[in-house]
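Visitor: Can you walk me through this one? I'd like to start with the terms.

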Amino acid sequence: SNCSFTANTATNGGGFASFNSGNFSMSNCTFSTNTASAIGGGIFSSNTSSGTITNCILRGNTGGPATRQNIYKDTGTTVLSVSYSIIADYNSAAVNNYTAGANILSVDPLFVNAANPAGADGKLGTADDGIALSSCSPAVNAGNTTMPPLPQDILNNNRVGGYDMGAYEYQSAATLPILASTNTTNTRMAY
């Protein structure tokens, strides 16, 4: 929960791989710019492993077939369930081999600066991370809040309202107080 998998490489599962009857559960994670030389740039789940993915964002991961670069589930009898997530290359008509639940979006999550995931300080998990959500992100308030509660995000910011998808909860800019005017006369300004 509340993890960021960014700029990793592997043969299968550039960001994350599950093999040998593994059973995983992940929530509110962000997978960005991971690469697999074979399949599953973001996530690879073998034919013997199962799991659940909820409230996650997978974007910009490469490796494998065009509609399975972010998540690659191998064939088999095990089940991988995905819901309330942004999967950039998701296509409901394609063979995904995972169970697609509610609210899977195939849109740009509108990161603050996807080209610089770690931000100006070069460290993931800090306030300037480029894979944090912008104010107009479709991930804001789009997650599932009925799951076990995660009261804070990857930066220890409180999750408020509907959960945001991904590791980062959007933090709105502080609003400035509105000052009442005591001027009761009409004044014309010249520019």
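Guide: Buried means under 20% relative accessible area, exposed means over 50%, and partly exposed is in between, with a 1.4 Å probe and protein chains only. By that rule tyrosine 72 is buried, at a relative accessible area of 12%. This is a predicted model, in which local features need pLDDT of at least 70 and side-chain atom pairs count only at pLDDT 80 or more, while totals for chains, interfaces and linings use all residues. Residues are numbered from 1 along each chain as its sequence is written, and side-chain values use heavy atoms, with hydrogens and water left out.

Visitor: What is the mean pLDDT of the protein?

Guide: The mean is 89, and 90% of the residues reach 70 or more. pLDDT is the predictor's confidence in each residue, from 0 to 100.

Visitor: And where is the pLDDT below 50?

Guide: Over residues 174-191. Beyond near neighbours in sequence, that stretch has zero contacts in the model, a contact being heavy atoms within 4.5 Å.

Visitor: How many helices and strands are there?

Guide: Zero helices and 14 strands. Both are DSSP runs numbered from the N terminus: helices are H or I with at least four residues, strands are E with at least two. Of the 191 residues, 41% count as buried. Among contacts between residues at least 6 apart in sequence, 63% join residues at least 24 apart.

Visitor: Back to tyrosine 72. Which residue is its bridge partner?

Guide: Phenylalanine 44 is the bridge partner of tyrosine 72 in β10. β7 and β10 pair in the parallel sense over three bridges; two strands pair if DSSP finds at least two bridges between them.

Visitor: What is the strand order in that sheet?

Guide: The order is β3-β7-β10, an open sheet of three strands with parallel pairing. β3 (16-18) and β10 are the edge strands, each pairing on one side only. The twist averages 5° from one strand to the next, where axes are lines fitted to C-alpha atoms, for helices over the stretch in contact, and angles run from 0 to 180 degrees between N-to-C directions.

Visitor: Now the rings. How many aromatic pairs does the structure hold?

Guide: Six. Rings of Phe, Tyr and Trp (its six-membered ring) pair if their centres lie within 6.5 Å; planes under 30 degrees apart count as stacked, over 60 as edge-to-face and the rest as tilted. One of the pairs is phenylalanine 5 with phenylalanine 31, stacked at 4.4 Å centre to centre and 5° between the planes. Phenylalanine 5 is in strand β1 (residues 4-6) and phenylalanine 31 in strand β5 (residues 30-32), so this pair ties together parts 26 residues apart in sequence.

Visitor: Are those two buried or exposed?

Guide: Both phenylalanine 5 and phenylalanine 31 are buried. Phenylalanine 44 and tyrosine 72 also form a stacked pair, 6.0 Å centre to centre with 15° between the planes. Since phenylalanine 44 lies in strand β7 (residues 43-45) and tyrosine 72 in strand β10 (residues 71-73), the pair ties together parts 28 residues apart in sequence. Phenylalanine 44 is buried, with a relative accessible area of 4%.

Visitor: Which residues form the aromatic cluster?

Guide: Phe5, Phe16, Phe24 and Phe31.

Visitor: What charged end sits over the ring of tyrosine 72?

Guide: That of arginine 68, 3.9 Å from the ring centre. A charge sits over a ring if NZ of Lys or CZ of Arg is within 6 Å of the ring centre and within 35 degrees of the ring normal. Arginine 159 lies over the face of tyrosine 163, at 5.7 Å from the ring centre.
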